[in-house]
Amino acid sequence: MRIAVTGSIATDHLMTFPGRFADQLVADQLHTVSLSFLVDNLDIRRGGVGANICFGMGQLGAQPILVGAAGYDFDEYRAWLDRHGVDTGSVRISEVLHTARFVCTTDADHNQIGSFYTGAMSEARQIELQAVADRVGGLDLVLIGADDPEAMLRHTEECRSRGIPFAADFSQQIARMDGDEIRILLDGATYLFSNEYEKGLIESKTGWTAEEILGRVGHRVTTLGSRGVRIERVGEPAIEVGCPEEEAKVDPTGVGDAFRAGFLSGLSWGVSLERAAQVGCMLATLVIETLGTQEYTLRRAHFMERFTKAYGDDAAAEVHKHLA
C-alpha cells in the first residue's frame, strides 16, 4: 500500500526560565508589558503531525510519503526524515518563509508563554495530490492530518473527486473549524480518527449523532488514552484494543501521532484492523516513554518482546514477518 500523509511540518523551540513569570508582572502596567527573560535551556525538537506520523511509519519500514510545506531551512530536517525511511520528495519548499515553528518559554511554576509561527505551512494549500500520485505510481490511501485549514479542505475535495480513499484526522485544527467545515472533511472518509474529547466535539459541531457520523465513514477510530482504542463499523461489533504496560510515563506529546503511524503501517502490511491497532498502541507506548515526538528508537527485538507480552504469540507471529 502506498500511503501519503498530509499534515504540518514544524520545529519546537522550548526554553526554561528559572524564575516565575508572576514576579515580573506589575498589576497596573499589564497594558504596556515589555519583558525579556534570560533562559537557562533551549531544546529544539522536530515535530508537526505529518512529520511525526511519517517518522513512526518509517521506523516500522512502511515507506510513508510525507506531503506538506516547509521552509528554505528544511534541509537538516529533511535529511533526518530521509534517513529514517520517509519519502520527502513531495514536500513543498517555500522560497520566502521559514518552516512552521512553536516557540515557548516555561517558568518554574510550569506556566508557559508561547507563540506559533505558521510560516511555510500556509503554502500547503498549493499542493496537488495528483502530482504526488503521479510521482510515486498511485496512492492507495491519503491521511489528511492537521495542517493549513485550506489545504485540508483542498486535499479532501481532491481525494473525493479523484476517487482516492482518505482518512480524516483534524486533531488540533478542530477547535478553529466550524460544523460545515468538519462535515466536509469527514463525509466519505474511509477512516475517521479522533480522541474521546474530539469525538464529542465533532458530534456537537456537526449536529450529527454518533450513528449518523458512523454511517458517513467506513471506520471510526477513537483513541481512549490509557485504555487503548476503539474501532467502530456499521453493522459490526466494535473492536477494542488495550495498551501495553508502560515502563515509564515521560511525555505524552506525540502519542496520538505514534498510534496513527503504527495503525497505518499495519494497514499497509495487510493485517487485520485489530492487529493494526495493536501495532499502533505498542508504538504509542514507546513514545510516551520518551521525551520528544521523534526521539525514540525502534529496536525490533525489544518491540516484538513487548508486543508478544501484551498481545500473545499468535499476534506477534503475524507482525514479526513484516518487521523482520
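Buried, in this talk, means under 20% relative accessible area, exposed means over 50%, and partly exposed is in between, with a 1.4 Å probe and protein chains only. Q59 is buried by that cut-off, at a relative accessible area of 12%.

Now the ground rules. This is a predicted model: local features need pLDDT of at least 70, side-chain atom pairs count only at pLDDT 80 or more, and totals for chains, interfaces and linings use all residues. Residues are numbered from 1 along each chain as its sequence is written, and side-chain values use heavy atoms, with hydrogens and water left out.

Back to Q59. It sits in helix α1, residues 49-59. Helices (H or I, at least four residues) and strands (E, at least two) are DSSP runs, numbered from the N terminus. What does the side chain of Q59 reach? The backbone nitrogen of L298, at 3.2 Å. That is a polar contact, meaning a pair of N or O atoms within 3.5 Å; within protein, one must be able to donate a hydrogen and the other to accept it, and residues adjacent in sequence count only if both atoms are side-chain atoms. Setting aside neighbours within four places in sequence, Q59 is in contact (heavy atoms within 4.5 Å) with H84, Y296, T297, L298 and R300.

Next, the sheets. Two strands pair if DSSP finds at least two bridges between them. Nine strands form an open, mixed sheet, in the order β5-β4-β1-β8-β9-β10-β11-β12-β13. β5 (87-93) and β13 (236-241) are the edges; each has a single partner strand, so one side of each has no neighbour in the sheet. Neighbouring strands here are turned by 20° against each other on average, direction ignored. For angles, axes are lines fitted to C-alpha atoms, for helices over the stretch in contact, and values run from 0 to 180 degrees between N-to-C directions.

Two helices to point out on this sheet. Helix α2, residues 75-83, touches β4 (65-70) and β5, and its direction makes about 160° with that of β5. Helix α8, residues 255-269, touches β1, β8, β10, β11 and β12, at about 155° to β10.

The other sheet has four strands, ordered β3-β2-β6-β7, again open and mixed. Its edge strands, β3 (41-47) and β7 (112-117), each pair on one side only. β2, residues 10-16, pairs with β3 in the antiparallel sense over seven bridges. L14 has D43 as its bridge partner in β3.

On to helix α5, residues 179-186. G179, I182, L185 and L186 are buried there. At the N-terminal end, D178 is the cap: a side-chain oxygen lies 3.2 Å from the backbone nitrogen of D180. After α5 comes G188, with a positive phi near 90°.

Last, the cores. A nonpolar core is a set of buried Ala, Val, Leu, Ile, Met, Phe, Trp, Tyr and Cys residues joined through side-chain atoms within 4.5 Å. The largest has 56 residues, and F263, F303 and F307 have the most contacts inside it. Helix α9, residues 273-288, gives the largest share, 10 residues. Apart from that core lies another, of 32 residues, including I144, L153, L185 and I202.
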